[in-house]
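Dear colleague,

Please find below the structure that I am handing over to you. My notes on its contacts follow it.

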Amino acid sequence: MALDRDHALDLDTYLARIGLRGEHRPTLAVLRSVHRAHALSIPFENLDPVLGTVPSLALADLETKLVRSRRGGYCYEQNTLLAAALRALGFEVTLLCARVVLGAGPGDIRPRTHMLMRVRVPGEPTPYLADVGFGSTGSLLEPIALVTGAELHDSPRHHRLAQPPHDGPLELWELQARTGDGRWQGQYVFTLEPYEAPDFEVINWHIATNPRSPFAHLLYVQRATADAHLALAGRTLVVTGNDGSREERELADAAEVERVLADAFAIDLPQGARLPE
């Protein structure tokens with residue numbers, strides 16, 4: 001799966017997709033506004049693997065799917081698109097890879113599979129961690145300063161960065177999110193070792209096709225709105241309000257799933273596709 005390195009992102013169309021207008025320069029304010037607008041505009045989803053297709057990470061394909069269509073994507077798609085947009089705006093972007101710890105049991109060691117990025121802002125002394133592809137109520141809505149102990153009130157969410165001890169030669173970072181009961185909950189851990197696009201081609205293939213990968217079999221859809229976070233896993237729909245309220249219900253069948261995808265998540269199935277019953 002070769003990436004189209006010669007394709008230039010249509011920046012104006014991307015910015016229109018996420019609801020931003022006007023002249024944009026590589027400033028911290030622009031980084032924050034683009035990150036939040038993207039997170040609130042383009043849903044997280046893994047329809048392609050569930051339907052038997054490996055998502056393309058070629059920028060032209062991502063533009064067609066995530067920008068020009070009522071679709072979303074998972075972390076490799078979302079963050080590849082954001083990285084292209086930020087580079088087009090004049091930011092320096094380094095791709096990173098994280099190990100998800102959210103939901104892991106004691107002693108569980110998961111592989112590094114999550115894409116995120118370090119962003120340098122011209123004139124700013126501190127780099128920032130940016131990530132619009134985590135697909136969780138603990139995901140970032142805005143970038144966080146990449147310094148030990150940094151805290152971010154990306155309302156209605158609250159994040160911080162910690163450096164847990166470990167045996168490796170590089171410093172280990174952990175993104176943590178504040179839970180409703182006031183606890184700090186780890187989301188993922190990472191080092192600052194740079195990753196390249198071909199690394200994620202391999203990881204993307206593994207996540208989309210490995211029989212043990214949950215993303216290959218079960219539908220996962222997430223959407224952050226101004227008022228709530230919507231999550232669909234299989235046929236279980238959970239709506240978490242900004243006030244911490246939680247509503248859960250089971251959808252009846254594939255037809256209702258398709259209606260909820262269209263109405264609540266602003267996602268249309270590929271033409272001719274049918275969800276498994």
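**Aromatic residues**

Tyr 195 and Phe 200 are both buried, where buried means under 20% relative accessible area, exposed means over 50%, and partly exposed lies in between (1.4 Å probe, protein chains only). The model is predicted, so that local features need pLDDT of at least 70 and side-chain atom pairs count only at pLDDT 80 or more, while totals for chains, interfaces and linings use all residues. Residues are numbered from 1 along each chain as its sequence is written, and side-chain values use heavy atoms, with hydrogens and water left out.

The structure holds 8 aromatic pairs. One of them is formed by Tyr 195 and Phe 200, whose rings are tilted, at 5.8 Å centre to centre and 40 degrees between the planes. For these pairs, the ring centres of Phe, Tyr and Trp (its six-membered ring) lie within 6.5 Å; planes under 30 degrees apart count as stacked, over 60 as edge-to-face and the rest as tilted. Tyr 195 and Phe 200 also belong to one aromatic cluster, together with Phe 44, Tyr 74, Tyr 76, Phe 215 and Tyr 220.

**Salt bridges**

Across the whole structure, a search finds 11 salt bridges, each being a side-chain nitrogen of Lys or Arg within 4 Å of a carboxyl oxygen of Asp or Glu. Arg 36 forms one with Glu 142, and the closest N and O atoms are 2.8 Å apart. This pair links distant parts of the chain, 106 residues apart: Arg 36 lies in helix 2 (residues 28–41), and Glu 142 in the loop between strand 4 (128–130) and strand 5 (144–145). Helices (H or I, at least four residues) and strands (E, at least two) are DSSP runs, numbered from the N terminus. Arg 36 is partly exposed at a relative accessible area of 22%, whereas Glu 142 counts as buried at 16%.

A further salt bridge joins Asp 48 to Arg 71, with 3.0 Å between the closest N and O atoms. Here too the pair links distant parts of the chain, with Asp 48 in helix 3 (residues 47–50) and Arg 71 in the loop between helix 4 (59–67) and helix 5 (75–89), 23 residues apart. Asp 48 counts as buried at 14% relative accessibility, and Arg 71 is buried at 8%.

Arg 68 forms a salt bridge with Glu 63, the closest N and O atoms being 3.0 Å apart. Arg 68 is partly exposed at 49% relative accessibility, while Glu 63 is buried at 6%. Through shared partners, salt bridges join Glu 45, Asp 48, Lys 65, Arg 71 and Glu 77 into one network.

Strand 6 (residues 151–152) and strand 7 (residues 159–162) run antiparallel and are joined by 2 bridges; two strands pair if DSSP finds at least two bridges between them. A hairpin of 6 residues connects strand 6 to strand 7, and Leu 152 stands opposite His 159. Strand 7 is also joined to strand 8 (residues 173–178), antiparallel, by 4 bridges, with Arg 160 opposite Gln 176.

**Helix 7**

In helix 7 (residues 254–263), the buried residues are Ala 254, Glu 256, Val 257, Val 260 and Leu 261. They cover an arc of only 155 degrees around the axis, which puts them on the same side of helix 7; the arc is that of the directions from the helix axis to the C-beta atoms.

Yours sincerely
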